[in-house]
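Subject: Handing over the model

Hi,

Here is the structure I promised to pass on.

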Amino acid sequence: MNELIDPILSLELETVRTLHKLEPYTKDFIFGNDHRLARIRNQQVFKHPTGPLTLLSTMLRFGLDEEKRSKLFTSAFDLGSLKAISQDKLSLTYLAKKVRKEKNQLDDVATRKKEFQSITAAIKKITGRRIGDYRDKQNAIRVVYLIDKLMTHPRYAKDGRAERFLTFIKTPRDKFSFETRVAYPTADGETNSFLLNDLRCYLGIDIERDTLVRIDSLFYTLIERVNEARGRLDALAFHAENPNDIARNFRQFIDQVDSIDLSQFKDPQRTRLDQDLYVHLQKLEFMHFAGSLCEIYQLAAPPSPITPIRDHMVLALNQITDGRRTPRDVCRDNFWLEAFDHITSTCKEVFVDLIHRSLGWVPSESEYERSIALAGELLFRVKFFGSDVPVPRDEVRVSFRDITSSLCTVAQALRHRTIYRPSIFRSTKQTRSIITPLEQPLDITDLHPDKVLPEGYVQLWHHRREWVLAALDGAPDLAAQRFALRATIFEKAMFCMTFNDIEIIEAAFQTLEAHLSDVRPNLAALR
């Protein structure tokens, strides 16, 4: 792998030197709090099998030799230092004396034990262990020193970070955020994403590369593995012949998944704090994603009753195509998305009638025109994010069922407002309307943070439309049970994240996967 990474890293480092006039292997570049530096070091430079590598992670994982370590980590208290802390200085009280001197603060011997109280308390909440429980004392002391620098040192910490740093990385309990994931940060969440990435890189400095690969590999594939299990159970449930039996299958699956017992797993006593926190930061993204998605499943429920119109959709398709159509034809992708506005405008009476039959009211002229504009955008996003490869607008094909369901979804949302604001740490700028984000066309060529929509809006619209689609087909209970199963699977996966030891997390999740693969319909109940 090094023979592939080394030339890429060399090229990127030279770019930093020539284009940005910066020396990469310096404390200012690696730890500096300037947003420009953070953006440069957080750019993705390599697609590793265990996930994308940023410039900083590549530098510290593959380019850090002894000479660079000696220049970067001059103090024995630095994580990554080649020096050892002498036994007489291997304590938090001595570290308190040291950091107070570095910060030009008065040193009261009586209060030294309280210097890192907030850090040690947060670590205990995160790991379940006190600093003194770790066998590698030097490593634990160094981690505390690192966190303190990132929170309070003027060269490395932004104003106000001391108050939010430990809150940001705490284990989520009842407040979750899609934007904790670092893949496509929004403008409001970019600083948080950089902080999470940076801290993970710093903590990985002294962890064995094989261990890092093992940890990264698990968490990089975790969402995909959960989705594979969910997809298998979805397909299995749909083997039944009618919506009632399919919904019954989902209810049975929920009971079976809910009964999976993972209580036999226990965390062992652990050696290193840096590894525990590295694992925690990897878990953090998954837990926030899973918790946020479970919240979306509840919010996605249609806000007003929907009457099934499956047969009416067939009749309507017959009317606009002058032919005899079947329910299968309604589901075939026979229309170009680019023709969406033309079709819905020229066949206005047909679609207004379908909206009336399904939702129980006739949209006004302005409501229908706005529904057309928003429904076309919704349909593009559904198809774009549901595709294995990015697909441009002019290549998207849709079905008559797609067109009808998107119109009904948007028309209902315009009449019955859903209040939702994505959670982004220390930011309340986001609108509480789910309509406003749909008014901004998705530009797949520009993923600059200023243009990226918070994922919560995208997920809510996607799942709302899926629920409306099931209701139009006459199976609203099916959608409710389907989402409930997904939430139950994610909740079980989140339980596996309550452990901190990578071997235990792997074993618990593999046990969960094995039990999920054994879930089957109770055929006797269907007779």
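Below is what I found, going from the overall picture down to single residues.

A quick word on the ground rules: this is a predicted model, so I'm treating it as one, with local features needing pLDDT of at least 70 and side-chain atom pairs counting only at pLDDT 80 or more, while totals for chains, interfaces and linings use all residues. Residues are numbered from 1 along each chain as its sequence is written, and side-chain values use heavy atoms, with hydrogens and water left out.

**Overall**

The protein chain has 23 helices and 4 strands; these are DSSP runs numbered from the N terminus, with helices being H or I of at least four residues and strands E of at least two. Its C-alpha trace spans about 85 × 55 × 45 Å along the principal axes. Of its 527 residues, 53% count as buried. By that I mean under 20% relative accessible area, with exposed being over 50% and partly exposed in between (1.4 Å probe, protein chains only). Take the contacts (heavy atoms within 4.5 Å) between residues at least 6 apart in sequence: 75% of them join residues at least 24 apart.

**The core**

In soluble globular proteins, nonpolar side chains tend to be buried together. Here, the largest nonpolar core has 169 residues, and Ile-30 and Phe-286 touch the most other members. A core in this sense is a set of buried Ala, Val, Leu, Ile, Met, Phe, Trp, Tyr and Cys residues joined through side-chain atoms within 4.5 Å. Helix α13 gives the most to this core, with 14 residues.

Phe-286 is worth a click. Leaving aside neighbours within four places in sequence, Phe-286 is in contact with Leu-222, Ile-223, Val-226, Phe-490, Ala-493, Met-494 and Met-497. Phe-286 also belongs to a cluster linked by ring pairs, together with Phe-178, Phe-289 and Phe-490.

**Aromatics and charges**

The structure holds 17 aromatic pairs. Rings of Phe, Tyr and Trp (its six-membered ring) pair if their centres lie within 6.5 Å; planes under 30 degrees apart count as stacked, over 60 as edge-to-face and the rest as tilted. One of the pairs is Phe-384 with Phe-385: the ring centres are 5.2 Å apart and the planes are at 80 degrees, so this pair is edge-to-face. Phe-384 is buried at 15% relative accessibility, whereas Phe-385 is partly exposed at 45%. Phe-495 and Phe-499 also make an edge-to-face pair, 5.8 Å centre to centre with 85 degrees between the planes. Of these two, Phe-495 is partly exposed at 35% and Phe-499 is buried at 7%.

There are charges over rings as well, meaning NZ of Lys or CZ of Arg within 6 Å of the ring centre and within 35 degrees of the ring normal. The charged end of Arg-415 sits over Trp-361, 3.9 Å from the ring centre, and that of Lys-68 sits over Tyr-25 at 5.0 Å.

**Cysteines**

How many disulfides does the structure hold? The count is 0, taking a disulfide as a pair of cysteine sulfur atoms within 2.5 Å. For Cys-294, the nearest cysteine sulfur is that of Cys-496, 14 Å away. Cys-294 is buried, with a relative accessible area of 11%, and Cys-201 is buried with 11% too.

**A few single residues**

Ser-304 is in the loop between α13 (273–299) and α14 (310–321), yet it counts as buried at 12% relative accessibility. Its side chain makes a polar contact of 2.8 Å with that of Gln-412. The cut-off there is a pair of N or O atoms within 3.5 Å; within protein, one must be able to donate a hydrogen and the other to accept it, and residues adjacent in sequence count only if both atoms are side-chain atoms. Beyond its neighbours within four places in sequence, Ser-304 is in contact with Gln-412 and His-416.

Lys-21 is not a glycine but has a positive phi of about 60 degrees. Lys-21 is in the loop between α1 (2–19) and α2 (27–31) and is exposed at 67%. Asn-104, also not a glycine, has a positive phi of about 60 degrees; Asn-104 is in the loop between α6 (92–102) and α7 (117–127) and is exposed at 73%.

Cheers
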